[in-house]
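Hello,

Here is the structure I promised to pass on. My notes follow below it; please have a look when you get a moment.

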Amino acid sequence: MSVKTPSKLEKILDSGQLAVTSECGPPRGSDPKAITRKAEMIKDHVDAINITDNQTSVTRLCSLAACIHLKLMGLEPTLQMVVRDRNRIALQSDILGAASFDIHNILCLSGDHQTFGDCPQGQNVFDIDSMQLIQTVRHMRDEGKFLGGDEITRPPRMFVGAAANPFADPFEIRVPRLAKKVAAGVEFIQTQCIYNLDKFELWMKQARDRGLHEKVYILAGVTPFKSAGMAKYMKNRVPGMDVPDEVVKRMAGVPKEKQPEEGLTICVETIQRLKECEGVRGFHIMAIEWEEKVPEIVERSGLYPRPSA
Amino acid sequence: MIVAEKKPIEEVIEMVKDFQKVLIVGCNECVTVCEAGGKKEVGILASALRMYFMNQGKKMDIDEITLERQCDHEYLEELRNTIDQYDAVISLACGVGVQFLAEKYFSTHVYPGVNTCFMGVTEERGVWSERCQGCGQCILDRTAGICPISRCAKRLLNGPCGGSTKGKCEISKDLDCAWQLIIDRLRELDRLDEYERIAPLKDWSTERAGGPRKVVREDVRQ
Amino acid sequence: MRLRYPDTIRIIRVPCTGKVDVIHILRAFEKGADGVYVVGCMEGDCRFETGNLRARRRVEHAKTILDAVGVGGDRVKMFNLSSGEGPRFAEYAVEMTDKIKEMGPNPIKRFREKRAA
């Protein structure tokens, strides 16, 4: 594969090295320092930084603006874009907005339903779905045209990503779904955070059997537990999350002050094991509200220093 | 059919409390089947309102009638000779009937007695659920007879999303994941390979988004 | 058995309490009844299987309506007994009458009397 965009993430993946990405959640206010401060903490330990898009439908500073702040710092942002809140006009428009600041990575997502967030009485859009958004970005980039057919002056040059959840139901179509996204034009995948390694490796094997690992860069998602309580919450209350009992037991078996350390260790062990998994081309570290630990995770996993590309 | 639910009686009282003579008009079709606005429900609402206003010490005449439907001119015409004696009409028909009645009797106060909910089925007596959103371009041939637009909370045409858990939707354990249902049926029909076909962007112009809709059949117009 | 029960009760016989509908209960109050009670077979023993269960649900529904209109849901109640239990029938009759006497007359009767005056 050769690179199609100026994306630093694409370049690193194309070179055969393991990539590392992480994410920042924007603030519930307009202070840009809330973003820049988090980015400062992790910038030397990751290749690109995702900015979430009103995650769990909680209204926050928009992903596009936060990505622009990162770009102005000289960093590499990944624009997360959900189809819950914008119709196809707004989606294309925001893509051009991002491209005007030379933002080169985009993650196409459905978005959590608005009943989870702070405006459960609001409308939702879902004009197009995440699969069709992947097609749209590729169309804008490769054909240089809007969905309506007109030419785009200075088309976006974006590296197109999407999410995959090997742990959601039904399991039997999770790899066909990956295949579908590949057919739609996705170029990199970030998975939901992994605790059930056996299941993940099974999903990877099925993906390899279909040759998908050679058509798309798969980045394994990891999230360190801060406490046994967090592990239990994620196990029981987060849809599409698979946390095996042994992992919860391991967290709970350690005294409260030692739990954060144990959580980080489990995270590092997961990365170490998955480095050996064929088809895993990097890691996406989601340390929600714990961004300061990302450097430690990257270093302990032997992924530091990052290539300069 | 169209499924509706009775409005709380407090809301209805608020609407008509300043009138003296009110007619409650029911409908013999959909709202009868979903037990919200048929002859029975008209009787119950009338009795309840009479007792309420008696209790308030207010004189109020409440009459009852149930029409076959309220969405066709012929049936609404039946009210022509009697409607003017009333100060107000409470229609227990779905939103369609209430509006048609109001259009037809332009100078009559017309109030809705039910909340119109959706197009759906009777799963069992007392339980009705949504099946169709009237998108105007039926895709049931491609989704094994299960509609993702009305039954998927995110109306995904290429679902399921990552929140589908044990066959249920992420927003409620009581809601089936439409895409799980579609996949189960595709498997049953030995058509699971169709799952990987990417559904194209939907033309929503035939849906509500395109504006209020009309169907005209020149071949049957008089 | 010729047991005694209050003579302020008007009995309406039905083949099964499943025949009693919400409107029958409401109309009784509309016409000035101070209380209504429904006496059905023991649950599980209904000759028509679920008639008394339907009656119970309808009584509950009538309660909500009567509360909403200010008449009072406590004025309607469902009792269950088996047909041989004469003494219990009398007991329920007394219980209901005492309860209604305590609650006072149906509030809408004031209006009806005013109208008559």
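Helices (H or I, at least four residues) and strands (E, at least two) are DSSP runs, numbered from the N terminus. Residues are numbered from 1 along each chain as its sequence is written, and chains are lettered from A and ligands numbered from 1 in the order in which they are written. This is a predicted model, in which local features need pLDDT of at least 70 and side-chain atom pairs count only at pLDDT 80 or more, while totals for chains, interfaces and linings use all residues.

I started with chain C, which has four helices and two strands, in the order α-β-α-β-α-α along the sequence. Its C-alpha trace spans about 45 × 30 × 20 Å along the principal axes.

The helix to look at is α1(C). Seven of its nine residues (22–30) are buried, so the helix is largely enclosed by the rest of the structure; buried means that 20 or more other C-beta atoms, placed from the backbone, lie within 10 Å of the residue's own. The buried ones are V22(C), I23(C), I25(C), L26(C), A28(C), F29(C) and E30(C). They pack against α3 (39–55) of chain B, and against β1 (36–40), α2 (51–68) and β2 (76–80) of chain C. Just after α1(C), G32(C) has a positive phi of about 110°.

Chains A and B also touch: 24 residues from chain A and 22 residues from chain B take part, contact meaning C-beta atoms, placed from the backbone, within 7 Å. On the chain A side, α6(A) contributes the most, with five residues.

Enjoy exploring!

Conventions: Contact = placed C-beta atoms within 7 Å. Buried ≥ 20, exposed ≤ 12 C-beta atoms within 10 Å, placed from the backbone.
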